[in-house]
Amino acid sequence: MSERDILSVEGLSMRFGGIVAVNDLSFTAQRRKITALIGPNGAGKTTVFNCITGFYKPTGGSMRLTHENGQAIQLERLNDFRISKLAKVARTFQNIRLFPGMTALENLMVAQHNALMRASGFTFLGLIGAPGYRAAEKHAIDLARLWLDRIGLLERADDAAGNLPYGDQRRLEIARAMCTEPALLCLDEPAAGLNARESAALSELLLSIRDDHGTSILLIEHDMSVVMEISDHVVVLDYGVKIADGSPQAIRDNPKVIAAYLGADEEEAIAVMESGS
Amino acid sequence: MAALAPEQASRAPGIAFILKKALISALVALVLFSLMIGIRTEAGPTGQLIWWTRLGDLAAMVAAVFGGSIVVELLRQWWGPVGTVRIVPPKVQSGLAVARKLIAPVLLIFTFLVPVIFYEQRYILDLGILVLTYVMLGWGLNVVVGLAGLLDLGYVAFYAVGAYSYALLATNFGLSFWVCLPLAGILAAFWGVLLGFPVLRLRGDYLAIVTLAFGEIIRLVIINWQSLTGGPNGVTGIPRPTLFGIPLSPGDDGLAAKLGIEFSPTHRIVFLFYLILALALLTNWVTIRLRRLPIGRAWEALREDEVACRALGINTTTTKLTAFATGAMFGGFAGAFFATRQGFISPESFTFQESALVLAIVVLGGMGSQLGVALAALAMIGGFELFRGLDQYRMLVFGMAMVLLMIWRPRGLIGHRAPTVFLRHAQAISSDLVKEGHG
């Protein structure tokens, strides 16, 4: 494994009873690159995400996350909140999971929980209003303000997250994940339900996260225009097995992918694919 | 006349609908009351059953339901559809906004002045102490139920732990109230964590059942561990609180003698009043501060979405445990106060009834709202006393008031949520968006 890989998945398997959702999957995600995970519905993409982010314990295989300083973490050995806290892997959800009764700003503050917890001396220093905590809180608000500005929601910072339009909620969820200051950002269908203009804005946001923040992105997406435009590398899954792996251009021209992804009729598939991109 | 015709036409189905609804209500009433009111049974002088019918009463009841249903339906039509915003003049609106802002400080000042105004009326002072005890319990439970969204039906267990901690430490080791108060809080918090561990994986109904059982376990242990707790006889002779070592007694070393004023038993009541007020305000202050700290935000986030919390690296286990421990600690403080006020405690004071009452206060007040909980405690405890003149109908009137309140305000007196941090201006979040938590 080379140093430029942030995530290397080897032989990952996940079974639910007799159903094999993911079977012996191996792929790598490069640092400061956008890796897309695509495949038809039910191909096991979200299962892979849930394994990487610790929501499922994989039946077999290993997932190694390497930080820039060379520190390597075996993700399958950590569970739920520790993956975000220690391995710095953040995620969003296919069906948006914001805290709807809290404001947009509060959502971003909750994301900075661990840093603020340390600053507040595990609540005791914060309770007596120690200056160190106040400075940390101000810093946290500044970071939240920066991200609200980046996603164009600064004006609505004090609105309840549940009151925001759908597209804004999607972007807020990405901003919330970024507020945990992750090394690897896992996005589960971020463009689902967005219109063309919003999709374009999303692509721009994801590219800037990659370029300006140096955060690596792992992406599940059905919107091929987004995938083809921003991905550096594409992994294709079908029935829990990797069927192709390569640059967007190579994937686009791979008949095996087209056949699996868009049905048996290859010629029709190619036509749809081209019109989609 | 021509102008009236369409109006009448639109009303015609309304009348049929009203009559049909009233008829159905009357029928239900007939079935329900035929045995409850229609037939009266009694044990005769030799133990045999004698019964007679009261058809007149039954007919009156059914007629009342029939008439009542028509009146309610007419009122509803007159009032218009539910949820429509009635046009309120802006002046009245701004007046209401000012009143809303003033209610908390006015209530606080009034509470401070209660012992001065009602110095001669011991009954009101005692009632005030009772209300403040429930305000404090409500604020304590609010951390668990209102903020963290964990439904706890066994809150009285921590109240009992606090009360017995103080009672046993004071009677066995002679420790003073001020030493025992923090100990009672710590012990109750410890039991809160103990309860927290097994229920961490449970949600909703399951969590409620286990906490209910926990409350009963504590009570049954207290009843049966006779050698330690005195069992059903309780603990007697619990020392009264002192003002930093100076007892409030008629003797030469009492507070009255030291100040050179005449002794009066009311001094102690006033002292107890300010003591529970201080404890309740401490609870309130700590809760308000905690809400603005990361732990408080994590509690509320947990109530909103637990899975998202885990994805953000929040340790949900410790977050839940701290909620349980914090709530339990305040319950323990209140329990220690209860023991020193009563001078005698027994397991009878810590039944499920108390847990239900405190939970009702939190739900009625609006989960998570400090002011709402205080108002609800005042209404529940004070209101209950207010209806004392109604004798046997007290429960009926009280129950009806609660049902009406829940129809009028399903999310409690103060249902909206105030944000903990803001950039420009804090605006209340509608209760429709705020989740109740799922356990």
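The model is predicted, so local features need pLDDT of at least 70 and side-chain atom pairs count only at pLDDT 80 or more, while totals for chains, interfaces and linings use all residues. Residues are numbered from 1 along each chain as its sequence is written, with chains lettered from A and ligands numbered from 1 in the order in which they are written.

Let us start with chain A, which an automatic or database domain assignment divides into domain 1 (1-88 + 183-277) and domain 2 (101-181). Their C-alpha centres lie 27 Å apart. Where the two domains of chain A meet, ten residues come from domain 1 and ten residues from domain 2; a contact here means C-beta atoms, placed from the backbone, within 7 Å.

On the domain 1 side of chain A, the elements giving two or more residues are α2 (80-85), β7 (184-188) and α8 (196-213). Helices (H or I, at least four residues) and strands (E, at least two) are DSSP runs, numbered from the N terminus. The most comes from α8(A), with three residues. By class, this side has six nonpolar residues, two polar and two charged. Nonpolar covers Ala, Val, Leu, Ile, Met, Phe, Trp, Tyr, Cys and Pro, charged covers Asp, Glu, Lys and Arg, and the others, Gly among them, are polar.

Now turn to chain B, with its 16 helices and four strands. The C-alpha trace of chain B spans about 90 × 75 × 50 Å along its principal axes. Of the 439 residues in chain B, 38% are buried, that is, 20 or more other C-beta atoms, placed from the backbone, lie within 10 Å of the residue's own. Among contacts in chain B between residues at least 6 apart in sequence, 73% join residues at least 24 apart.

Methods: A residue is buried if 20 or more other C-beta atoms lie within 10 Å of its own, exposed if 12 or fewer, and partly exposed in between; C-beta atoms are placed from the backbone.
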